[in-house]
Amino acid sequence: MIHDILWHGADYNPEQWLDRPDILQKDIELMQKAGISVVSLGIFAWATLEPHEGEYCLDWMQEVIDRLYAAGIRVNLATPSGARPAWLAQKYPEVRRVNPDRVRQLFGDRQNHCYTSPIYREKVRAVNQQLARRFGRHPAVILWHISNEYGGECHCELCQEAFRDWLRERYGSLEAVNRAWSTKFWGHDYTDFSQIESPAPHGEHAMNGLLLDWKRFVSHQTIDFMKWERDCIREIVPQAKVCVNMMYRFDMIDYFDMAREIDLATWDTYPTWHKPTETLEETALDNAMMHDLIYSVKGKPFWMMESTPSVTNWQPVSKVKKPGMNLFSALQAVAHGSDGVLYFQWRQSRGAFEKFHGAVVAHDGRDDNRVFLETAEVGKALKLLSRVAGTRKQKQAAIVFDWANKWAMEGAQGPRNIGLGYWEEIMRHYAALARIGIGVDFVSQDGDLSGYKLVIAPMLYMLREDFALKLRDFTASGGTLVVTYWSGVAGESDLCYLGDTPHGLTDVLGLRRCEIDGMFDGETRRCVAVAPSMPAHALGGTLCEVAALEGAAPLMVYDEDFFAGSPAVAVNPYGKGRAYTLATRFDEAFYRPFYKTVCEDILTPAWPGSLPDGVLATRRGAFIFLQNTLAASVDLGALALMPYGTAVFEERDGALERIL
């Protein structure tokens, strides 16, 4: 059911309005006007559901769910663990997190509980199962929203011991831990597991292996808690479908791992549109990249669980979406694989932290203002595009994105400690492909490369042996591989490989790394083409890798510094395929012509004709979306796109028919 239609909805918090039955009645009427088909309910309602320990008040929720269902609106029912009640924090101090400095937090905020605490798990289980027994089989409930925006870490003694148990399970022995972490350096050998503690500002914070494994553990423990919540529900409702709302560029959880444990990937997206520091196309591409990443964690359609129909209130400047942008951003999500467009929140709160956050219904309660009318327009468009629901993207290009690689690289101390810019590197490749209409998925080192024609491995510093074999097989079988600088340096415990690097790929790439030079911010090195297929010149920065050719053909070379003449871009045939090496981070202008050359004979763009700058084409199954990121109309001959306008086509028998 969750992929049967394009769902339109919002976070709904009726517990804020229980003293205003007139508002609750009005909400139903307005939801129907706006074309709302689903609401997320109860996300922050624990204190209302259980105002005192063991005293449950669920009748109000029963009434709300019944009324929603009678109005044709379904429910994504939340477990309320993301914001615990004050009585729980007061009575059971162990549920409050301990910071890295070993100071226990006070009550307040949200997502600040210990995932390891048996008491917290017991209390979460109790309230979750109350909800499951009462509402789990209600026909309105189509999905379970497990907690809210999981994140954070706890350094309490319970978590310390859980970390040690995790290490025992991962390594089998203390000797193996010492080897993996290279503890001989600085004489940091452990002689008992009890000596191991999490990183701390006043303790151990410079041992790379420990830092990496602590991040892995935090991700593991968060997912373990999520599974606990999920299983509490499924004990009562075995068929329950579950989701978690993921976040933008979130660093603390490996979402590929988390996605294996859920039925639907969802995420919360709050780009700042109309920034003076970047074009709207750049903002759109950044947002699109995250849509494609969330699609990729399960390889199937997701939901945009939260967005704003107007403004945020917690960003530096609360910039409104200009006319047309609400529809633009909604249809962008659909184009990249979303089967749901939802907002935070339905009705603006009267007080507290997010009282000025955008909502479908503002404090004035009106249905004739611009935000409400544009939201209703989104509802109509989603109904017109209902055939898109459930369709998957065509496999074209895959970018390797790996959370553990990011953690390892950023904790490795060198070759740049003022920011390696992993996301920025990923974005350069993604944006170039998106601008020429090539569909992009993301894969981790556990991922399957079959079906892709092009695989890109940016800054794959921590290259696992098994994934190196996958890359070799992919290329030998006819695939096109692009590998950048600072790849194949270390293994999965962040121990540097001995011998030639990039490890496991030197023969595939036809070269070996000799050294790498870190650039200061703003420092660049000129590169020039030695092959007509490349841009005539480009600038490299951030890191400049010096390589020795061992069979590869140079396409561009450095033109200054002591490494002038060394390959900046090279290509090497391997088996039935070919492998490119990019030895530096180029200026953005390099990547689009580079990927046009790379993709020319292997991949077909989404749109058959040329498109002007600022217009993006995205394909989802048989559907092609054209979106104008410009504040001016664009004339495409027989087609005119209004400012921030979207046109949708369906391919039928080789011809394109416009359906929006």
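Me: Which residues does Gln332 touch, not counting residues up to four places away in sequence?
Reply: This is a predicted model. Gln332 sits in helix α11, which covers residues 325–335. Leaving out residues up to four places away in sequence, the residues touched by Gln332 are Trp273, Ala284, Asn287, Ala288, His291 and Gln627.

Me: Is Gln332 buried or exposed?
Reply: The relative accessibility of Gln332 is 2%. Buried means under 20%. Gln332 therefore counts as buried.

Me: How is helix α10 oriented relative to helix α14?
Reply: Helix α10 spans residues 280–298 and helix α14 spans residues 422–435. Their axes are 10 Å apart and meet at an angle of about 100°. Angles of 65 to 115 degrees count as roughly perpendicular. So α10 is, relative to α14, roughly perpendicular.

Me: How many residues of the contact of α10 with α14 are charged?
Reply: On the α10 side, the contact includes Glu281, Glu282, Asp286 and Asp292. On the α14 side, Arg435 is one of the residues taking part. The contact has eleven nonpolar residues and no polar ones, and the number of charged residues is five.

Me: Is Arg585 buried or exposed?
Reply: Arg585 belongs to strand β19, residues 584–586. Its relative accessibility is 9%, and the cut-off for buried is under 20%. Arg585 therefore counts as buried.

Me: Which side chain is joined to that of Arg585 by a polar contact of 3.0 Å?
Reply: The side chain of Arg585 has a polar atom 2.7 Å from the backbone oxygen of Leu420. The side chain joined to Arg585 by a polar contact of 3.0 Å is that of Tyr485.

Methods. Residues are numbered from 1 along each chain as its sequence is written. This is a predicted model: local features need pLDDT of at least 70, side-chain atom pairs count only at pLDDT 80 or more; totals for chains, interfaces and linings use all residues. Side-chain values use heavy atoms; hydrogens and water are left out. Helices (H or I, at least four residues) and strands (E, at least two) are DSSP runs, numbered from the N terminus. Buried means under 20% relative accessible area, exposed over 50%, partly exposed in between (1.4 Å probe, protein chains only). A polar contact is a pair of N or O atoms within 3.5 Å; within protein, one must be able to donate a hydrogen and the other to accept it, and residues adjacent in sequence count only if both atoms are side-chain atoms. Axes are lines fitted to C-alpha atoms, for helices over the stretch in contact, and angles run from 0 to 180 degrees between N-to-C directions. Angles under 35 degrees count as roughly parallel, over 145 as roughly antiparallel, 65 to 115 as roughly perpendicular and the rest as oblique. Contact means heavy atoms within 4.5 Å. Ala, Val, Leu, Ile, Met, Phe, Trp, Tyr, Cys and Pro count as nonpolar, Asp, Glu, Lys and Arg as charged, and the others, Gly among them, as polar.
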